[in-house]
Amino acid sequence: MRRSTRHGDAIPGDPHPELNAFVGRSAELAELTGALGVSRLVTVTGVGGVGKSRFAARAAARAHTGDGVRWVDLAPVRDPDLVDHAVVEALGLTDHTSRPPREVVLGHLAGRELLLVLDGFEHLVEVCAPLVGELLRAAPGLRVLAVGRRPLDVRGERLFPLPPLTDEEAVELFADRAAAAVRGFAVDDGNRRDVLELCRRLDGIPLAVELAAGRLRALAPAQLLSRLDDRFRLLTGGVRDALPRHRTLRTAIGWSHELCTPRERLLWARLSVFAGQFDLEAAEYLCAGDGVGADEVLDVLGELLAQSVITREETPAGVRYRMLDTVREYGAEWLEAAGDGARLRRRHRDWYLGLATWCELEWFSPRQREIAARVEAELPNLRRALEYCLVEPGETYLGQYLAGSLWFCWVGCGRLSEGRYWLDRCVEPCPGEAAHERSRLKALWVLGHVATLQGDRVRALAVLHECREAAERTGDATAAAYAEHRTGCLALVTDDMPRAETLLASALARYREIGELNGNVLMAQVELAMALAFQGDLPGAVRLCEDVRRVCEDHGERWVLTYALYVLAYEAWTDGDPARARELLEECLAVGHAFRDLLGTVLTIELLAVVTAAEGDPAEASVLQGAAAGMWPSVGLPLFGSVHYGRPHELCEATARERLGDARYEECVRAGARLGRDAAVERALRRDRAAAAPTLPAAREPHPGAGPQTRQPAVSPARKGGETTG
């Protein structure tokens, strides 16, 4: 079924929510809608401030596509290497493998019918043009709506130059925004001529009109027009229409800037250091001082908001602010002209370094969901801080510390690929920074952790070995403990259970010795429990996980708790209690999926398939196995290629084939594979347990070569253990 997005619906990834009325453009909208119906690549071009992004969002909302619309906001992206990552993020993909992000995107889009909006690409056109060409060739059902100040120059591109508003539309826009700024304002016979002339002088450019309307609290339309005319005469010598439109907008922005108070101009310039959104706390830290008091920032911010210099947005991370790109560029020029750019960029880095440190600590607390939302909102600024560290001489060690401190973002929030990108960039030794080896060692063990989860065992083993040797040599007990822990996790997923048990037990002893307690430590305990379970010691595994459960509940930690519950669910299944196992697994799945934990999700669904078979529903068990099979390519080698992890899956499949027959089993698996991730999770969570058939024995049946207590489901938190909080 083909879907369209209603006008009021938010497009995933669109940073331009409709906070006020959309005015005019009805003819252009109809024309663009028609163009998207016949052309696979349409590029909306126009000067800054003409309203390209919002216009494109309104047109995209009208699109009829089988798989919806996705929005890629490229304006905050400065590093060309992060463009592919931005597309992965916009598509909502979580990929735990070491595949290049473009390969992930191509695989996802190949069989889909989707509209992809690329907004603000002009500064990255050398990367975006070949990307769009490759995507269109590989995905026949894909359409691309590009939005920028210039064409992509890709074969088959259809250009859609967006003109300014008509006089009538510009007056309507002015009236709407003015009424929001000044209660009771209306365009009437007494001011209509001035408003019309003002809109004409501003060439009908929406941003310029909105900036002018924001000034009505202090000036009447006639006064606005007079002041604007004075500004134009200085630039044109009084010749009407002598300015090109891009100069008209710049003049309007400059005029609005001149009407600001000194404090407002200072704040405008300083706010330009942010990438994307920012919050009040960050603005107060970065912008206070030298003309703007810390207690004045909120009031001045309110003035800029009233004048349409910034916008206010409600987000899952709370109230945040945004500055339009054209306005930000103007502020950045003033910041550089004042000679304050370098200081503000360093201050920006310092704030986000501190934020990452705080978030890492708070990750081991009841605030995990809040931290996940905060980091999601701050990613553009965190990327800018990382880039600053890696390009400024002598600052690499801070980039290592920042990339390492964000391990919970890379691992816990489904961003392994981007984490791998930053960690690989920063771990090489830097001349003159030997005194900061602790930061590098942290980045090394985090890189080893990420590489393990991606299935890159060679890279993981190499960096963990390097980290452990350097830690022992320099006496860094913390890095030594983490390196040993992550090496034990690597042994676990490669079926070396005796070595995993030895390393994990030793790492836990090291953690106790240095007084370390966080999610990483608890996960080491869960991983040790898995190693014991795989070797037949289920009672020992349960004791470890019950202890983890108590500590998690004391600290309000939810994520690691799900993996302890997972092991307990396995024990319940082997003990012939599928109802209890399902109850525990449903909590695991709900929490893990909410955190974009793809590995935990697929492992839990695998175990739910085994439990479902034990409940007497082999058809539904087969559907869940198919759903898991569809997810594994984004995780890595199915079930890690492990004998231990694979046994329960094989048992479930053999049982289902025996009871359904091969043809029916394959049919159910194919049906499960067609489910999207969200649909698969909903299906697993909403199964009507009351309708299940009588319980049949599953885990008690002997399996060739394995005693009953070595029977491990195809799901386990062990590998995911490296992926959780700390």
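These legends describe close-up views of one predicted protein model. Because the model is predicted, local features need pLDDT of at least 70 and side-chain atom pairs count only at pLDDT 80 or more, while totals for chains, interfaces and linings use all residues. Residues are numbered from 1 along each chain as its sequence is written, and side-chain values use heavy atoms, with hydrogens and water left out.

**Figure 1. Overview of the protein.** The secondary structure comes to 33 helices and nine strands. Helices (H or I, at least four residues) and strands (E, at least two) are DSSP runs, numbered from the N terminus. Of the 726 residues, 58% are buried. Buried means under 20% relative accessible area, exposed means over 50%, and partly exposed lies in between (1.4 Å probe, protein chains only). Contact means heavy atoms within 4.5 Å. Among contacts between residues at least 6 apart in sequence, 76% join residues at least 24 apart.

Figure 2. Rolling a probe the size of a water molecule over the atoms shows where empty space is left. On a 1 Å grid over the protein atoms alone, a cavity is a set of points where a 1.4 Å probe fits but cannot get out. Lining residues have an atom within 4 Å of a point. Grid points are joined across faces, edges and corners, and a volume is the space filled by probe spheres set on the points. Searching the whole structure gives three cavities of 30 Å³ or more. The largest cavity holds about 150 Å³ of space. Its lining has 16 residues. Val88, Leu93, Gly414, Arg415 and Ser417 lie nearest the centre. Helix 3 (83-90), helix 4 (101-109) and helix 19 (416-426) are the elements that each give two or more residues to this lining. By class, the lining of the largest cavity has six nonpolar, four polar and six charged residues. Here Ala, Val, Leu, Ile, Met, Phe, Trp, Tyr, Cys and Pro count as nonpolar, Asp, Glu, Lys and Arg as charged, and the others, Gly among them, as polar.

Figure 3. Gln400 is found in helix 17 (residues 396-405). Its relative accessibility is 3%, so Gln400 counts as buried. A polar atom of the Gln400 side chain lies 2.7 Å from the backbone oxygen of Cys426. Leaving aside neighbours within four places in sequence, Gln400 is in contact with Cys426, Val427, Glu428, His436, Ser439, Arg440 and Ala443.

**Figure 4. The buried face of helix 32.** Ala680, Val681 and Ala684 are buried in helix 32 (residues 677-685). Seen down the helix axis, the buried residues of helix 32 fall within an arc of 95°, so they line one face. The arc is that of the directions from the helix axis to the C-beta atoms. What covers these buried residues includes helix 27 (578-594), helix 28 (598-614) and helix 29 (618-631).

**Figure 5. Two loop residues with positive phi.** Arg25 sits in the loop between strand 1 (3-4) and helix 1 (26-38). Phi of Arg25 is near 70°, a positive value in a residue other than glycine. Arg25 is buried, with a relative accessible area of 3%. Asp153 is found in the loop between strand 6 (142-148) and strand 7 (158-161). Its phi is near 60°, again a positive value in a residue other than glycine. Asp153 is exposed, at a relative accessible area of 59%.

**Figure 6. Thr311 in strand 8.** Thr311 lies in strand 8 (residues 310-315). This residue is partly exposed, with a relative accessible area of 27%. Thr311 and Leu19 are 292 residues apart along the chain, and their C-alpha atoms are separated by 9.2 Å. Leaving aside neighbours within four places in sequence, Thr311 is in contact with Leu305, Arg320, Tyr321 and Arg322.

Figure 7. Leu561 is placed in helix 26 (residues 559-574). Leu561 is buried, with a relative accessible area of 5%. Not counting residues up to four places away in sequence, Leu561 touches Arg549 and Cys552. Ala479 is placed in helix 22 (residues 477-493). At 5% relative accessibility, Ala479 counts as buried. Ala479 touches Leu441, Cys467 and Ala471, again not counting residues up to four places away in sequence.

Methods
On a 1 Å grid over the protein atoms alone, a cavity is a set of points where a 1.4 Å probe fits but cannot get out, and a pocket is an open set with protein on both sides within 12 Å along at least five of seven lines; lining residues have an atom within 4 Å of a point. A polar contact is a pair of N or O atoms within 3.5 Å; within protein, one must be able to donate a hydrogen and the other to accept it, and residues adjacent in sequence count only if both atoms are side-chain atoms.
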